Each structure stands twice: as structure tokens, then as C-alpha cells.
Amino acid sequence: MVVVIILSVVVSVALAALLSFASVALYVEEDPRLQDVVDLLPNQNCGLCGNPGCKAMAQAILDEDAKLSQCKPGTLEMREDIRDFLLDHPDESGEFVKVKM
Amino acid sequence: MKHVKIIFTLTLIVLVASMMIYFVEGFTTPYIDAYNERQANLAKLDILPDYDGSFEDVSEDYDLENSPIVKMELAGEVAVFYTIEFGGYNPGITVLVGFDLVSNNIIGFRVIEQNETAGLGSVITEEDFQTQFDNLSPDDIDSIGGTTAVVTLGGVKTALNSVADFHSVEFQGAVLETPEERIIRLKEEITEVDATFTDITSDYDISGSPISKVEMVNNGSDFAILYTVEFAGYRIQFEDETRFNEYFVSFDLDTHDLIGLRVDKQFDTAGFGDQILDPVFEAQFDNLAQDAIDDVAGVTASVTLGGLKGSLEDVVNFHKSEIEGTHVETYPEMVERYKDEITVVDAIINDDSANYDLTETMVTKVELANDGTSDVAVIYTVEFVGYNTTDVVEYIISFDLDTHDILGFRVLYQNETIGYGSLIEDDDFYIQFEDMPQLDAQNGDIDAIAGTSGAPDTTFAFKASLYDVVSFHQTEFQGMIVETDEERQSRLWSELFPTATVFTKVTRDYSAHYDVEEFYEAYDGATYLGNIYHVKAEGASYSEETYLEFFLGIAEDNTFTGVKMWDDSETDGKADPFYLVEYSDLYLGEDIETDYTIDEVAGATMTNTALQYAVLQISIYHVEEYLGLPFARPANVDTADANLLLAFPTAVTFNSVYLDYAYEANIYNLYEALDGSGTVIGYVYYGYANGLNLIEFTWGVDLSGTTQEIYIVLESETWELAETQTYTTPQYDGTAGYFPTTTWLDNFEGVTFSSLLNTEIDDIIGVSRTTESLRDVLEIIAQFHSDESVGGAG
Amino acid sequence: MEYIAIAFGAIFVNNVILNQFYGLCPFLGVSTKKSSALSMGMAVTFVITLSTMIAFAIYNYVLVPNEITYLSTIVFILVIASFVQLVEMFIKRFSASLYSALGVYLPLITTNCAVLGVAIDITVNSNKIFETDTPTFMMVTIYALGISLGYALVIFLFSAIREEMDAYPIKRNWKGIPIALITAFIMAMIFVGFGGIV
Amino acid sequence: MARREKTLKEIFTNGFFKQNPTFVQFLGMCPTLAVTKSVESALGMGAGVIFVLVLSNIAVSLIRNYVPREVRIPIYIVIIAALVTVLEMFMKAFVPELAKTLGTFLSLIVVNCLILGRAEAFASKNGVLKSALDGLGMAIGFTGGIVLIAIFRELLGAGSLTIWGDLRVDLIPEQYQISILVQASGAFLVFGVLVAQINKLIFSREDRNEVT
């Protein structure tokens with residue numbers, strides 16, 4: 001009983017600490033909109049869109065080399081949401097992303 | 001600050017999860033353990049259904065080192081369970097055996113794992129084999145049976161015996177005889193109780209003999225000699241070392257006969273080689289005369305028995321020369337004695353090999369035997385390789401110089417399998433060679449070594465060497481010119497086409513025929529004379545593949561110019577008549593397309609029909625393939641109206657109409673069936689099939705194509721024999737009756753030809769040669785009926 | 001010698017995809033292009049090998065001594081998930097090129113059954129694979145390497161075939177996943193052929 | 001332009017056909033191909049997934065607001081893993097035979113893309129009731145999918161249908177069974193063919209919709 005507690009605490013603290021510090025120490029600035037697009041995507045990382053995971057798909061959308069319909073699990077509403085989001089959020093230089101449905 | 005939040009949430013979640021798992025684990029473990037334990041004790045509970053206590057593993061408390069036991073469990077005070085592992089025909093048998101602690105009897109035998117041969121050794125897993133162990137007393141373990149797999153059974157017995165011994169020592173406090181006590185007991189049994197044994201091996205030179213120890217036996221005075229002897233059994237190579245069987249044998253110092261023999265160690269296959277441990281077998285050696293060793297018997301493992309006898313004979317020779325002081329004949333003396341025996345007593349032998357070219361022959365030495373006045377006989381020393389390809393067999397054989405027949409035969413050295421090929425070195429084998437006619441030796445008409453099928457390889461090689469020696473003798477001493485193969489072939493070809501000067505091979509220009517090895521066109525200068533076919537066709541015997549090889553001449557006008565036999569593998573003597581010139585002349589001038597039957601030739605009917613059938617196939621091939629013409633059909637074969645009536649009961653008269661239709665090999669004749677007023681109401685086929693033997697039948701069919709009856713005119717199938725024979729399995733179970741009254745034939749009565757062609761009548765297991773061939777022919781006929789639209793059918 | 005047998009067995013005989021059915025989701029998804037398949041293969045090899053080592057260490061030195069092997073699933077997956085995330089951050093931070101080639105696939109791998117499957121096989125069901133209950137560290141790593149090489153090999157071959165197939169007209173309802181599955185069926189049958197060798 | 005909120009019924013039935021995890025979203029394919037040798041093991045796996053998916057969706061949606069982004073995935077996975085381990089233990093205790101047939105796939109539910117997928121895509125964004133319904137819908141859709149495959153594989157491959165333990169009906173005699181379907185490689189074939197036919201259904205319905 002005690003061993004279980006010790007083990008779980010030790011492991012989780014260690015990992016949590018590692019992850020949180022890493023997220024700071026290894027912070028890399030990236031397109032602020034990327035995380036929002038990722039949140040809009042289904043996040044199942046199924047890879048059926050041909051990109052390795054939803055984050056890669058989001059990046060591809062931002063780089064305009066992916067069609068939203070490539071995301072199989074994605075629904076019509078999701079595609080509309082992403083398009084609406086990108087229509088009102090230009091990048092720093094004011095450029096808008098041409099979204100391909 | 002964010003870090004703390006992250007660490008806190010993750011740790012909290014992980015903690016909650018782990019605790020949840022911990023409690024659930026605590027709750028479910030007892031159930032899981034109970035299930036696993038029930039699974040493990042399934043076999044034990046099967047033996048002790050009403051025992052509900054626990055099983056305690058006590059393997060550590062006992063020394064299981066040199067016993068097949070791998071696990072030992074106590075079931076309270078009721079029983080003890082041994083898990084044992086041993087080898088049967090294949091290694092890796094695991095068995096659970098239970099002993100009752102009260103009666104100390106075996107109460108159960110369950111096979112956990114085995115990979116014996118399916119159907120043979122695997123029978124030990126079956127219910128009725130295992131029930132014989134319920135409440136079996138350890139003493140009659142040797143009496144268990146229920147399987148023909150002797151080797152597996154032997155393995156089970158040895159394993160159970162050692163477990164029983166272990167059980168009796170551990171639970172019944174029995175004191176087992178230690179190995180040392182056993183050896184002394186064995187020695188005393190074949191000498192005298194409380195005799196003293198003094199080792200005198202160092203006084204003798206035991207090298208080269210199978211003896212490993214010599215002991216003087218004394219009971220007040222030296223009265224016997226005890227030898228410890230080793231010999232190679234069936235198998236000497238084991239995983240890491242070679243092991244020899246070992247036995248003690250004692251000789252009485254006055255009579256010098258054997259007092260007794262006891263086997264100490266043996267490693268041969270359980271159930272075979274280990275029969276030499278049987279006291280009944282050992283009793284044969286009590287007070288046995290030295291030269292009576294040969295007729296000891298009672299062990300089926302001939303290799304082990306042969307090894308024991310061979311070593312015993314060496315011991316006797318050693319005893320004779322070392323103890324009795326009598327002179328034992330040395331090898332050179334034996335050779336001299338043999339040479340005298342097969343020529344003239346104390347003949348003068350001089351080696352004449354130098355003036356002969358021995359390179360091409362198996363003869364290694366030629367010696368002339370002189371009776372003082374003139375050379376009387378010639379002795380050949382011959383070597384051939386028999387079954388044991390790593391060694392040779394050397395023998396001497398003598399020819400009388402006047403009659404040129406064989407005077408005698410002796411084996412100088414052989415290392416064939418004991419009990420089989422080794423029987424060539426046997427006095428009763430030598431007798432047949434006294435005054436044997438030369439031709440018998442050349443043709444190999446001698447009785448085989450070790451019985452008809454005892455040592456086929458050695459016999460075959462021996463006959464070949466005899467043929468070689470006789471032809472050598474004929475050329476060197478009888479001046480006969482022995483024809484070489486090339487000479488014989490050109491002689492036979494010139495007999496077929498006397499005026500032919502040139503033969504050109506043309507086999508490749510035509511599509512091949514299964515039986516034709518090669519075939520040539522014979523020309524006299526530029527004029528074409530005819531063809532010579534070198535044929536190798538299937539022989540007559542049905543037990544195994546035999547062949548007939550001959551040259552067939554067909555002249556330009558499609559007539560035979562003769563059949564010249566070249567070689568055959570028929571049973572001895574069956575094909576000899578066909579080599580004679582008068583047989584070949586029977587074919588001379590016959591038109592190859594007419595129907596001809598050469599009547600029986602000196603009792604070789606089967607070979608005769610096979611040969612004729614082969615010649616017929618070549619004639620067809622010659623006409624259809626070589627000449628490209630349709631082959632003339634043989635004449636119809638008629639049969640009595642009675643047979644036709646039995647096939648078509650409602651008909652009255654029949655007349656043959658076969659000539660109006662194409663020729664089909666399997667159909668002898670086709671008749672129209674007419675009713676009283678002469679109108680055609682159906683047809684009857686009279687045909688044959690080659691089942692086990694020739695089957696001839698009549699088969700009626702009406703205009704609508706539905707069959708009437710099938711009547712077997714001639715047959716000699718042996719379905720009764722098929723029920724009991726063993727060489728082809730599976731046997732026939734007899735359910736469909738016997739041929740020709742078998743119910744199987746009803747499949748062909750009252751059914752339409754078209755239905756016969758669509759459905760596959762299945763064979764009957766065990767007699768499929770008959771059913772398969774007959775069904776195929778009947779289907780050919782049904783097909784023929786529609787193809788030829790016999791009577792407008794199809 | 002025994003190592004070669006383990007490696008060969010892991011790559012060909014009980015191939016992780018075609019025979020044990022681990023890691024199919026990304027297998028069908030990512031294998032449209034040879035380049036992505038290769039990167040996925042490399043990423044998987046990297047992750048499986050390292051995570052198996054960690055899992056083996058934890059199992060034998062922490063879980064078994066304290067008889068809490070029932071925690072193995074949860075601990076393994078926790079470690080694998082965080083390890084993958086960490087590696088992803090690490091690569092993204094230090095080499096953009098490697099990240100674009102390899103790192104992007106890492107989040108995908110956390111949900112890949114193969115990683116956890118292998119981890120569980122070499123610890124809880126180790127007697128099934130190695131005939132001994134206590135495989136040595138070396139055997140485990142060789143097995144993990146073999147499994148991941150098997151994964152990489154199959155996914156690369158598969159992507160090569162699929163790329164080839166795109167050039168041919170395929171009925172609409174067969175395009176994409178169905179035809180991929182049929183290709184996998186044929187590959188699986190071919191791999192069965194390796195069965196008798198080890 | 002707020003779209004009208006999905007009705008509860010819609011969420012629930014979403015997983016059956018429109019978004020069926022097995023045939024449309026292609027999630028959880030690892031167990032799909034492995035346990036569909038017999039209907040019994042497919043049902044067992046389905047029940048396991050229902051139990052885990054519903055509870056995990058509920059748990060995830062409960063704590064969705066307190067979970068910091070950096071450790072989001074590990075936390076979700078820990079919850080799922082805990083649920084699966086609990087399920088495993090219950091199964092080993094009370095239905096040992098089924099546990100044996102499912103083997104490692106029982107513990108592989110943890111990494112089943114479906115569960116983590118729904119957790120991230122839906123549960124982490126919606127309320128408890130909706131998540132539970134979505135989880136249940138998806139799980140039932142998934143079970144339906146694998147049972148359908150299992151029916152084909154077992155019927156054609158082994159000529160029988162085992163619903164539970166000895167509740168088994170033998171339909172096709174020995175020599176007409178296509179034994180490859182029951183083997184590992186057969187799974188790909190059956191799954192591929194079924195997906196193709198379902199696509200045909202979907203496309204034909206879509207064509208009809210466009211036409212009308």
C-alpha cells in the first residue's frame with residue numbers, strides 16, 4: 001500500500017517537473033494561431049489526412065498546402081469553424097491564409 | 001507558479017488512479033488465484049475426484065536426482081502425486097502418476113504431454129489405456145499392455161518401475177539393493193555363493209578381445225574363471241559418450257564349459273534389446289558347451305543378440321588359448337584350411353595372379369591348386385561391397401579345371417549387419433556351392449543370404465560378383481568369348497535387319513512415347529528398310545515396378561521383323577523364354593495392325609500379355625506417330641448371348657454393331673438389343689477394365705440412356721484378401737460385400753449415362769484399384785455412348 | 001546465434017503489424033508517401049527501442065521486487081507518453097530539420113499500440129516470446145530493435161506500393177483505406193511464409 | 001453565426017453510422033483486426049471499450065478545466081490506463097476464459113486511438129452528460145463494427161457463431177470453410193471488403209442526395 005503511494009508520487013512529480021520545465025526551457029516560438037487551429041481539429045492524431053498528426057495538419061493548413069477535407073474524422077462544422085477563424089486572424093504581416101475547403 | 005499547478009494536478013491524478021487500482025487489485029486477487037489453482041490441479045482432481053484438500057509441493061524435501069521424477073506433491077495423508085518425465089519412441093513424455101499412501105498402489109496415470117507417433121505410441125493418452133493403472137500394485141507394472149507400441153510401453157514400464165522403487169524406499173522404508181551388492185549377487189549366481197574373486201587380468205594380454213576383466217573364482221580351491229565382457233549393442237553413441245553393454249560369464253576350470261551368464265548393463269531400446277535381461281534368456285547359458293553358443297535364441301533384437309554371441313565366441317577362443325592352452329586356429333591357418341576344403345586336401349597352391357589382367361574384374365587373386373601331378377582347380381579371391389558400404393566382403397571360390405563347375409566357396413572376411421548380411425559366413429550357406437553348375441552361379445540361381453528377403457543388398461551384390469567371376473573364368477580358362485553389350489546390341493540389330501548398313505537415331509524428331517527409350521531408322525545404303533524401337537515397358541508383376549526391355553523391328557511394309565529381349569527385372573526365370581530366338585520368330589512377318597495373340601510361352605502368361613501389350617502400344621505409336629495414319633482397329637471380341645441377356649434381361653436377340661462406330665480400347669464389342677419383334681430397345685457394351693486383374697463385363701443401356709444391368713463376365717479380384725492384407729493400409733472393411741456381387745455395382749444400374757458423367761461415384765477404401773479402374777472405364781463408355789451418339793443418344 | 005534468431009523472429013515471423021496487429025492506426029494513415037513512412041519508421045524505431053529499455057528497467061527493478069506488477073500498464077504508458085512529449089520538445093528546440101523529418105510524428109506514436117504492446121510483451125508475457133521468464137537486457141533490446149525494424153520495413157514497403165497504386169484508376173469506393181487493407185492482406189500472407197524459418 | 005447546438009439524440013447516434021469509429025473514422029483498428037476471430041471475443045472487447053470509453057469521457061470532461069496544457073495527454077492517458085487495468089482485473093477474476101482469448105488486447109484498449117481520440121476531441125470540450133452520451137454512442141458504434149466483422153470472419157472462416165462460451169451454432173460444414181479468414185491475414189481482407197461496400201453505400205446515398 002505504502003509502496004504504491006510512494007511510487008506514483010515519485011514518478012508523477014518527476015515527470016511533471018520535467019515536462020513543465022522543458023516546456024519553458026525548450027520553448028520555441030511558433031505561429032500563435034497554430035495552437036488554436038490544433039484545438040479546432042479533432043486531435044485524434046489518426047494520420048489519415050496524410051500529415052503526421054493534427055499539429056502537423058494545422059501547420060500544413062497555415063502553410064496552405066493541405067485541404068481541410070483531408071481530415072477524415074473532421075466534420076463540416078469543424079471545417080467552417082477553422083475557415084471562419086482564419087478569416088479574422090491574419091498573421092503578423094497582416095496576410096490572410098487562403099483556406100481550401 | 002504554473003509549474004506547481006502542473007506537478008500538483010498530475011501527481012493528484014496519478015495518485016487517485018493508483019489507489020483505485022490498488023484496492024481493486026486487493027479485491028479481485030483471491031478470485032484470480034482460486035481460478036488459477038483450480039486449473040493447475042485439474043489432472044490431480046481427475047484422479048482423486050472426492051479429495052478437496054490442498055496439494056503441498058514437497059519436491060525440495062526429497063533427492064529426486066537420479067529418478068525421472070520432476071515434481072512431487074502430497075495430497076494430505078491420502079496420496080502422493082509424482083510428475084515424471086521420460087522418453088518413449090520420442091523424448092519428452094510428461095506423466096502424472098498417483099500413489100495411494102495407505103495401499104501404496106498406483107491409483108492413477110494421466111499423460112500431461114507427449115509427442116509419440118500418432119495412432120501408435122499416442123495411445124497412452126487414451127482412456128482405456130489409463131484405466132489399467134487404477135489401483136495397480138507396483139509389482140505387476142511389467143504386466144501392463146494395451147498397445148503395440150513396444151518402445152513406448154517399454155519407456156513407460158522403466159519409468160514407472162523406478163518411481164515405484166523410489167516410492168517404496170521413501171514411503172515403505174524398503175531398503176534397495178545398492179549397485180555394488182547387485183554385482184556381487186550376479187557374480188555369485190553364476191559361480192557359487194560366498195566365492196572369492198581375485199583379479200588376474202594383469203597376467204593375460206586381453207587387448208583385441210572384448211574382455212575387460214578376468215577374475216579367478218575360489219571356494220576353497222580355484223574352480224572357475226569369471227570374465228567381464230563388453231559388446232556393442234544396437235546403439236552405442238549417446239549424447240556425450242559411447243556406452244557398451246556389459247555381462248559376466250563364468251567357465252568351469254575342469255570341463256571348460258560355461259557355468260552361467262548375467263547381463264550387468266545394457267542400453268538398447270526398451271522392449272527390444274533389453275530382452276537379454278530376461279532371466280529365461282540368461283538361463284540358456286547355464287552349463288552350456290563351448291560350441292553350443294550358436295543355437296542360443298529367444299531375443300528378437302537380432303543386432304543385440306548377434307553382438308552378444310560374437311563377443312562370447314571371442315571369449316571362448318580367448319579361454320581356449322589362454323586357459324586351456326589348446327591352440328586356437330589363427331587366421332592364416334584358417335585360410336589354408338579353407339583352400340584345402342574347397343580343392344584337394346593338402347594341395348600345392350601357387351599364386352598365378354601375375355599373368356592375368358585383374359583391373360576390370362572383382363577378382364583380386366588367382367591361385368592354381370595342384371594335386372602333385374597336375375593343376376586340378378583354380379581358386380579366385382574376390383572382393384565386393386555389400387550392404388555395409390564402408391567395408392568389403394572377401395571370399396574365395398574354386399572352379400574344377402575339367403568340368404569348370406564350382407567346387408567350393410568360403411568367406412575370408414565380412415563386416416555385414418549381424419544377423420542379416422553376416423549369415424553369408426555360415427557353414428550351411430557354403431554347402432550349396434559344392435559342385436554347383438557354372439550356369440547357376442552365373443544366373444544367380446542360389447538361395448539368398450539370411451532367407452529370401454533377409455539381406456537383399458548383400459545378396460544382390462554377391463550375385464553380381466559371382467557373375468563377374470564366372471565370366472572371368474569363362475574368358476581366361478574356357479576360351480569363350482563373352483559378348484560385350486555393344487557386340488550383343490549390334491548382333492541383335494543385324495538379326496532384325498540383316499541387310500542394314502546404317503542406323504540413324506530419329507527419336508528427337510517425333511513426340512516422345514513413355515515406353516520408347518530411342519528409335520532408329522535402318523538403311524541399306526540409301527534405301528529405307530524399317531525402324532528399330534528400343535523399348536522399356538512396364539513388366540507383369542503387380543507387387544512392385546518391374547520392366548521389360550527389348551528391341552522391336554518394324555519393316556517398311558509394316559510387318560514385324562522380330563522382338564529381341566535385352567533385359568528385364570521380372571521374377572527370376574519368368575522372362576527367360578523370351579530371350580530365345582524362336583520366340584522372336586513368332587513375330588516375324590506378322591502385319592503390325594492385324595490382331596494377333598502369341599499363345600502362352602512356357603508358363604509365363606502374365607509376362608507374355610505384358611510384352612504383347614507393350615508391342616501393341618509401339619505398333620500404334622509407329623502407325624499413328626511415325627506414319628501419321630489412323631491405327632487399324634483390332635477385331636471385335638465376341639461373348640455369349642447369355643452374358644448379354646444378363647445385362648439386358650428384357651431383350652431377346654443381340655447383334656454386334658461395333659464396326660459402325662469408332663474403336664475404343666476398353667470396349668471389346670457393342671451389341672444392339674432387340675425385343676421379340678426385332679425392334680431395337682437398347683444396347684449392350686461388352687468391355688474390360690484392368691482392376692487388380694483383368695475384369696470383363698457386359699452393360700446394358702436402353703434407348704433413353706438409362707442403364708439396365710451390369711454383369712461381370714470374368715474377374716479374379718480378391719476383395720476377401722483385401723480385408724486381411726496388411727501391406728497397403730487402410731484395409732477394406734467389407735461393408736460393400738465382395739466382388740462381383742458387391743452392392744457397389746448397383747451404382748451403375750438404373751441410372752442415366754449423363755448422371756454418371758456428372759456425379760463422381762466414390763471408391764471403396766482398401767479395394768480402390770478395382771473400383772477406381774472399373775468406374776473410369778464405365779465413364780469412358782458413357783462418354784463414348786454420347787460422343788458416338790449410339791442409337792441417337794446424346 | 002540466439003540473438004539473430006530473436007531479431008529475425010521479431011522482424012519477419014511475428015511482425016508487429018502484419019502478425020500481431022499493433023500500431024495499425026498510424027500505419028494506414030501515414031503510409032501514403034514513402035518519405036513520411038520512412039520518417040515514421042525511424043521515429044517508431046527510436047521510441048520503441050528507448051521506451052522498451054525504460055519499461056524493462058522499471059518492471060524488473062521497481063515493479064517486480066515490490067510485487068506491484070499490476071501497476072505496469074499505467075506506469076509504462078505514463079512514462080512513454082511523457083518521454084515522447086519530452087523528446088518532441090527536445091528535437092523541436094534543437095534541430096528544426098530533424099523536427100520536420102522526425103519530431104512531427106512523435107505525438108502520433110503515443111497513441112501507437114505497438115509501443116505499449118512491445119513494452120507489455122517483454123515484461124508481463126516475456127515467457128511467450130523468449131521461452132524464459134527472465135530475458136536478459138540484451139535480448140529485450142534486440143527484440144525491441146527487431147520489432148521496430150519490422151515496423152519500419154513493412155510501413156516503408158507498404159507506402160511504396162501505395163504510391164505506385166495511386167497511378168492506377170481505382171473504383172471510388174475502393175480508393176484509400178479499402179485498397180490499402182487488401183494490399184496489407186497480401187503482404188500479411190507473404191509474411192506468413194516466414195513462419196517456418198525460425 | 002452560432003450553429004444550432006447538437007441535440008443529445010444527435011450526439012448519441014452520431015457514433016452509429018455517420019461517424020462510425022470503425023468504418024468511417026478508422027479508429028481503434030488494432031483490436032478490430034485482432035479480436036474479430038470470433039463473435040464472442042468481439043463482444044467481449046466491445047463491452048470492455050464501452051465500459052472504459054464512457055467512464056473515461058466522464059472523468060476527462062469532469063476535470064477538463066483544471067488540466068494545464070503541458071500535461072494534458074499524460075493525464076488523460078493515466079485515467080484511461082487506470083480504468084483499463086481495473087477492467088482487466090475484473091475480467092480476469094470473473095470471466096477468465098474471455099480474458100484469456102482477449103489476451104494483451106485487453107490492456108491495449110489503453111492505447112486504442114478511439115478512446116484517447118474521443119477524450120481529446122470531445123470530452124475535453126463538452127459537458128459531462130454530452131461526453132458520456134458521445135462515449136456510449138461511439139463505443140456502441142465501435143462494438144457494432146467489430147461484431148459485424150467478427151460475424152463475417154467466423155461464419156465464413158470457421159463456419160460457426162459463438163455468442164458466449166458454449167452457446168455456439170455450427171452452420172457451415174468443414175470442407176466449405178475458408179480457413180484463411182480466421183487467420184491473421186484474413187482480417188485485413190474482410191475489413192477491407194466491408195469498408196469498400198460501406199463506402200459504396202455512402203457514395204450512392206450522397207449521389208442521390210446531390211441529385212434530389
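Colleague: Why is B:Ser789 called exposed?

Modeller: A residue is buried if 20 or more other C-beta atoms lie within 10 Å of its own, exposed if 12 or fewer, and partly exposed in between, with C-beta atoms placed from the backbone. B:Ser789 has 10 C-beta neighbours inside 10 Å, so it counts as exposed. Please keep in mind that this is a predicted model, in which local features need pLDDT of at least 70, side-chain atom pairs count only at pLDDT 80 or more, and totals for chains, interfaces and linings use all residues. Residues are numbered from 1 along each chain as its sequence is written, while chains are lettered from A and ligands numbered from 1 in the order in which they are written.

Colleague: Where is B:Ser789 found?

Modeller: B:Ser789 is in the segment after helix H18 (768–787) of chain B. Helices (H or I, at least four residues) and strands (E, at least two) are DSSP runs, numbered from the N terminus. B:Ser789 also has a positive phi of about 40°, although it is not a glycine.

Colleague: What makes B:His404 partly exposed?

Modeller: B:His404 counts as partly exposed because it has 16 C-beta neighbours inside 10 Å. B:His404 sits in the loop between strand S14 (393–400) and strand S15 (406–413) of chain B. Its phi is near 60°, a positive value in a residue other than glycine.

Colleague: And why does B:Lys505 count as exposed?

Modeller: B:Lys505 has 12 C-beta neighbours inside 10 Å, so it counts as exposed. B:Lys505 belongs to strand S16 (residues 502–505) of chain B.

Colleague: Which residues does B:Lys505 touch, leaving out those up to four places away in sequence?

Modeller: They are B:Glu518 and B:Tyr520. Two residues are in contact if their C-beta atoms, placed from the backbone, lie within 7 Å. As for B:Ile532, its C-alpha is 9.4 Å from that of B:Lys505, and the two residues are 27 apart in sequence.

Colleague: How do you know that S2(B) pairs with S3(B)?

Modeller: Two strands pair if DSSP finds at least two bridges between them. S2(B) and strand S3 (residues 79–86) of chain B are joined by 6 bridges and run antiparallel. Within this pair, B:Leu74 stands opposite B:Val80 in S3(B). The hairpin has 3 residues between the strands, and B:Gly76 takes a positive phi near 55° there.

Colleague: What about strand S1 of chain B, and how many bridges does it share with strand S2?

Modeller: Strand S1 (residues 56–57) and strand S2 (residues 69–75) of chain B pair in the antiparallel sense over 2 bridges. B:Asp57 has B:Glu73 in S2(B) as its bridge partner.

Colleague: Where is the cis peptide bond?

Modeller: It joins B:Phe739 and B:Pro740, with omega about -10°. B:Pro740 lies in the loop between helix H16 (719–724) and helix H17 (753–758) of chain B.

Colleague: How many helices and strands does chain B have?

Modeller: Chain B has 18 helices and 25 strands. Of its 794 residues, 31% are buried.

Colleague: And how many are there in chain D?

Modeller: Chain D has 9 helices and 2 strands, in the order α-α-α-α-α-α-α-α-β-β-α from the N terminus on. Buried residues make up 55% of its 212 residues.

Colleague: What kinds of residue form the side of chain D that touches chain C?

Modeller: The contact takes 33 residues from chain D and 36 residues from chain C. H9(D) gives the largest share of the chain D side, 11 residues. That side divides into 26 nonpolar, 6 polar and 1 charged. Ala, Val, Leu, Ile, Met, Phe, Trp, Tyr, Cys and Pro count as nonpolar, Asp, Glu, Lys and Arg as charged, and the others, Gly among them, as polar.

Colleague: Last one: what is the mean pLDDT of chain B?

Modeller: The mean is 82, and 95% of the residues of chain B reach 70 or more. pLDDT is the predictor's confidence in each residue, from 0 to 100. Confidence in chain B is lowest in H16(B), at a mean of 73, and highest in S14(B), at 91. The model as a whole scores ipTM 0.80 and pTM 0.51.
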